[in-house]
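Dear colleague,

Here is the structure I promised to pass on, with the sequence alongside. My notes on what was found follow below.

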Amino acid sequence: MDKLEIEGGIRLKGEVSISGAKNAALPIMVASILASGESTVDRVPELVDVKTMGKLLGHLGADFRYSSGKAVIGTDRINNHVAPYELVKTMRASVLVLGPLLARRGSAKVSLPGGCAIGARPINLHLMGLKKMGAAIELDRGYVTARSDGLKGAVIYFDIPTVTGTENLLMAASLARGVTVLENAAREPEVVDLANALNSMGARISGAGESVIEIEGVDALRPLKYKIIPDRVETATFMIVAGTTGGEVLIRECRPEHNDALITKLEEAGLTIERGEDRIRVIGPDRPVARDIKTMPYPGFPTDMQAQFMALMSTAQGTSVIRETIFENRFMHVAELKRMGADIDIEGGVATVRGVPSLKGADVMATDLRASASLIVAGLAAQGKTTIHRLYHLDRGYERIEKKLEGLGASVRRMQKDA
Ligand code: EPZ
């Protein structure tokens, strides 16, 4: 398994461009199933998860091709409705094919995603919504089997504003008979991007980005031609990297308005942040000031930025209280940060981070995607060498991050398989 070696203590300086958003690319590539023909999606990041989604679409009968940021998906032949365990177990977002397969073919058989490192990750709300639209749902031997002889519009209330649940129902409702209303829907920018992509195919969706979304079903959709939004979590990671190393970084091709909650917290922590139309300049302080955060559904502080923010707080002046309210087990990076000298206690979903003057490099283990980013942030700031093991977690969600960090002056080396 690959590992990453980082020599810390360097103030990062320079410019970095943000790649397309993983969590927009995945649902929008799946949306191509809803139409017959050839769809193209631009600014698709080169990630393991994108390759996995391509394999899954191919398994369903689509013709999937990817090169330098463009995904081309031929969907004349969607002749299989089974998303197998081998593929779903490596990527939970595979569950996104449920709604589109039902809408396109009237049947879907998708392996239950099962839990992952950060939590149980149930899909009960996805299934509740599809049932309300008239689908017959069965759970059998680890698979969800769904059938429908024509989905119909319904009013669906989500107990929790689930991101992929909202996305699954958006896609299913686009081809349903009648009007569907999603209440307490997720408001993430990736949900809005999917709705914009579906509308470019001829769907009739209004209210995306708000808590109530209305979808008027249509008879057919045309293939997709769409460029996705930049990745706000990658943007956040580079802002925080500037903060922990006391550097100065210009982040290009991003959408500052997608990071309002984080930018507010980083400014309170002492970073200087200048926002442009599609760029952000970040100047890190000599030492950040501790701030409390509580993760919330968008537009609150994103759970996907909690681990990286904790790395910043590890060397802040003062004590930071970090509340994780979205996932039940998203503190796996804490034990690794403590190996580097961080002073952190956990009680339930609350981590208390007492800032220390500096961290020390160590061998650490990546446990999940955003925890890996947190360890990179810590390693860049720490004194000495940090080696991050199990790098495949990182490759799922960050495109060529070591190249981008080298471009900012970091001393980072990827060591191939147990070299
Ligand atoms: C999406 O996951 C993202 N993944 C996650 O990003 C992100 O952390 C999460 O939203 C929250 O913002 C993609 O978009 C591919 P949820 P998702 O359904 O949709 C509970 C990353 O690092 N819930 O919004 O799976 C659930 O257990 C990944 O890129 C139910 O109880 O998250 C969780 O506690 C990690 N029943 C909460 O809701 C359901 O049917 C939010 O989950 C669905 C969800």
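How many nonpolar, polar and charged residues does the lining of the largest cavity have? Before the answer, please keep in mind that this is a predicted model. By class, three residues of that lining are nonpolar, three are polar and four are charged. The residues concerned are Ser19, Gly20, Lys22, Pro45, Leu47, Asp231, Glu234, Gly397, Tyr398 and Glu399, and the cavity that they line has a volume of about 40 Å³. One cavity of 30 Å³ or more is present in the structure.

Two or more lining residues are given by each of α8 (232–245) and α12 (369–381), and the largest share, three residues, comes from α8. Divided by class, the lining of this second largest pocket has six nonpolar, eight polar and three charged residues.

Glycine 8 counts as buried because its relative accessibility is 18%, under the 20% cut-off. Apart from neighbours within four places in sequence, glycine 8 is in contact with Gly379, Leu380, Ala382 and Gly384. Between glycine 8 and tyrosine 392 there are 22 Å in space, C-alpha to C-alpha, while in sequence the two are 384 residues apart.

With best wishes

Notes: Residues are numbered from 1 along each chain as its sequence is written. This is a predicted model: local features need pLDDT of at least 70, side-chain atom pairs count only at pLDDT 80 or more; totals for chains, interfaces and linings use all residues. Side-chain values use heavy atoms; hydrogens and water are left out. Helices (H or I, at least four residues) and strands (E, at least two) are DSSP runs, numbered from the N terminus. Ala, Val, Leu, Ile, Met, Phe, Trp, Tyr, Cys and Pro count as nonpolar, Asp, Glu, Lys and Arg as charged, and the others, Gly among them, as polar. Buried means under 20% relative accessible area, exposed over 50%, partly exposed in between (1.4 Å probe, protein chains only). Contact means heavy atoms within 4.5 Å. On a 1 Å grid over the protein atoms alone, a cavity is a set of points where a 1.4 Å probe fits but cannot get out, and a pocket is an open set with protein on both sides within 12 Å along at least five of seven lines; lining residues have an atom within 4 Å of a point. Grid points are joined across faces, edges and corners, and a volume is the space filled by probe spheres set on the points.
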